[in-house]
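I open this notebook to record what I look up in the structure below. The entries go by topic.

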Amino acid sequence: MAQTPRPGCPVRGSSSGRPIMAALDLFGRRWSLRIVWELHRGPIGFRPLQQRCDGMSSSVLRRRLVELTQAGLVAQQDDSSYALTALGEDAYRALTPLARWAEGWADALAGQTTHHQTNSENEV
């Protein structure tokens, strides 16, 4: 199993383990961002979290939860549910502007596609 990215340790894209590179490695792992996104709504058990994440495989969910726990972003509660830590909540808040940007990007590309289709139709 791949090691959990940590600032100061070599990670994908950085032999020095610069903090931003470690964060990008962690969040770049399949489903990691989705788990953080789903947990921002509050603690949830393993199976309901798996359902919220479009039924990802239990082995991948378990692996990502271990990584996010080792990274200090997620904690397992006494009732076995999972929740974001204060650090995880900070990560969610930091990612929110990126989510807004992505919506604008999607709108801009949708406008380009419509504009491109209209121009293509006029050329025919």
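**Helix 2 and helix 4**

I looked up where these two helices meet: S32, I35 and V36 in helix 2 touch L61, R64, L65 and L68 in helix 4. Contact means heavy atoms within 4.5 Å, and helices are DSSP runs (H or I, at least four residues) numbered from the N terminus. By class, the residues of this contact are five nonpolar, one polar and one charged. Here Ala, Val, Leu, Ile, Met, Phe, Trp, Tyr, Cys and Pro count as nonpolar, Asp, Glu, Lys and Arg as charged, and the others, Gly among them, as polar.

**Source notes**

This is a predicted model, in which local features need pLDDT of at least 70 and side-chain atom pairs count only at pLDDT 80 or more, while totals for chains, interfaces and linings use all residues. Residues are numbered from 1 along each chain as its sequence is written, and side-chain values use heavy atoms, with hydrogens and water left out.

**M21**

I found M21 in helix 1, which covers residues 19-27. Not counting residues up to four places away in sequence, M21 touches V11, R12, G13 and S14. I also looked up C9, twelve residues from M21 along the chain: the C-alpha atoms of the two are separated by 10.0 Å.

**Helix axes**

I went back to helix 2 (residues 32-39) and helix 4 (residues 58-70): their axes come within 10 Å and cross at roughly 75°. Helix 2 is therefore roughly perpendicular to helix 4. Axes are lines fitted to C-alpha atoms, for helices over the stretch in contact, with angles from 0 to 180 degrees between N-to-C directions; 65 to 115 degrees counts as roughly perpendicular.

Conventions:
Angles under 35 degrees count as roughly parallel, over 145 as roughly antiparallel, 65 to 115 as roughly perpendicular and the rest as oblique.
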